[in-house]
Amino acid sequence: MLIAADKFKGSLTAVQVAERVTAGLRRVVPGVHVEALPVADGGDGTVDAAVAAGFERREVRVAGPLGQEVTAAFALRGETAVVEMAEASGLQRLPAGVFAPLTASTYGSGELLRAALDAGARTIVFGVGGSATTDGGAGMLSALGARFLDESGEPVAPGGGGLAELARTDLSGLDPRLSSVELVLASDVDNPLTGPKGAPAVYGPQKGASPEDVETLDAALAHFAKVLEAEVGPRAAEYAASPGAGAAGGIGYGALLLGARFRAGIEVMLDVLGFAPALERASLVITGEGSLDEQTLHGKAPAGVAAAARSAGRTVVAVCGRLALSPEALLRAGIERAYPLTSVEPDVARCIADAGPILEGVAVRIAEDYLG
């Protein structure tokens, strides 16, 4: 029995999901062998998933999205580091109710990458998602030694809005260790940097951007890529149009400029976490996340888990807070059956507040259906 579920956002971490499901299963079959492998797709919770899989948690002080100092973590095992940009530059780092779509910076994410280099990492999995920022990764690149200057030779202001004043870039000061490191951009989105499907248009409103802010940011990021052409040539435009460039407010673009290889976040994390050998030992796989919906089918953790398990001939069931997929859609994704908390407690607010005990009860039903 393998539990490979993501977090229930706003109520349970991936580790807590695994604990509650295990407890429910063992209420029915006390001796059942359960292996827990909490998973993440590169967004928030990625470092926690790595730590649960045996990585060491490392904490450093870095700049938050508004420049305030925060304590952020990355995960390290041997020469492999898992760095989660949301730890430094995520929405959760903003004060409650405060958004800064034009000025929030990814500088702290660059500091996290530098800390991973300092710790001896030779492979860095850079999980991106849940960002408060739309600066194209300019802040991250600045923390790693790049310079972005206005007409008077002064650094442009932090955030995507400041890039409108960009006149010249200088990447010559980038940390030389980056050239000898394998950097993997792990994301569940494949948006380009700009345009109708770009970072500002698609994700800017989630970060408090008004329609006018979206226009400003889209123009600023397009200008950013144009100015970079003078230094890096046609690659600047190629990367801007590449899948993943628009991830996490365009930090994907900055990572591609550093030579990162883009991969679906869940695929990367399953490799890093050792999913394949755990799958070999399991006959039934339980996956899940807070909401199983159309988004799940486009690169989210449960879909990745189910695809890998199905190819290995394993039965997959899912737990979730709410279910918005038909049985047919679930089957196409490789999930035989889903068990939503709302089937036990229809009140969504109560489901969120009491997710742990309700999930444990749901796991009892799974045990009765599959282990009885």
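Are F148 and F224 buried or exposed? Both F148 and F224 are buried, where buried means under 20% relative accessible area, exposed over 50% and partly exposed in between, computed with a 1.4 Å probe on protein chains only. The structure is a predicted model, in which local features need pLDDT of at least 70 and side-chain atom pairs count only at pLDDT 80 or more, while totals for chains, interfaces and linings use all residues. Residues are numbered from 1 along each chain as its sequence is written, and side-chain values use heavy atoms, with hydrogens and water left out.

A search of the whole structure finds two aromatic pairs; rings of Phe, Tyr and Trp (its six-membered ring) pair if their centres lie within 6.5 Å, and planes under 30 degrees apart count as stacked, over 60 as edge-to-face and the rest as tilted. The ring centres of F148 and F224 are 5.5 Å apart with planes at 75 degrees, so this pair is edge-to-face. Because F148 belongs to strand 7 (residues 147–149) and F224 to helix 7 (residues 211–232), the pair ties together parts that are 76 residues apart in sequence. Helices (H or I, at least four residues) and strands (E, at least two) are DSSP runs numbered from the N terminus. F224 also forms an edge-to-face pair with Y253, at 5.9 Å centre to centre and 75 degrees between the planes. Here the link is between helix 7, which holds F224, and helix 9, which holds Y253, 29 residues apart. The relative accessible area is 0% for F224 and 0% for Y253.

Helix 9 itself deserves a look. Eleven of the eleven residues of helix 9 (residues 247–257) are buried, so this helix is largely enclosed by the rest of the structure. Among these buried residues are G249, I251, Y253 and L256. After helix 9 comes G259, with a positive phi near 95 degrees.

Turning to the sheet, five strands form an open sheet in the order 2-1-11-12-13, with parallel pairing. Its edges are strand 2 (35–36) and strand 13 (337–340), each of which pairs on one side only. Two strands pair if DSSP finds at least two bridges between them. Strand 11 (residues 284–292) and strand 12 (residues 315–323) run parallel and are joined by eight bridges, with T315 in strand 12 as the bridge partner of L284. Helix 12 (residues 301–311) packs on the sheet and touches strand 11 and strand 12, its direction making about 160 degrees with that of strand 11. Helix 15 (residues 355–370) also packs on the sheet, touching strand 11, strand 12 and strand 13, at about 150 degrees to the direction of strand 13. Contact means heavy atoms within 4.5 Å, and the angles, from 0 to 180 degrees, are taken between N-to-C directions of axes fitted to C-alpha atoms, for helices over the stretch in contact.

Strand 12 and strand 13 pair in the parallel sense over four bridges, and A318 has A338 in strand 13 as its bridge partner.

Finally, D170 is found in strand 8 (residues 168–170) and is buried, with a relative accessible area of 16%. Not counting residues up to four places away in sequence, D170 touches G145, A146, R147 and E231.
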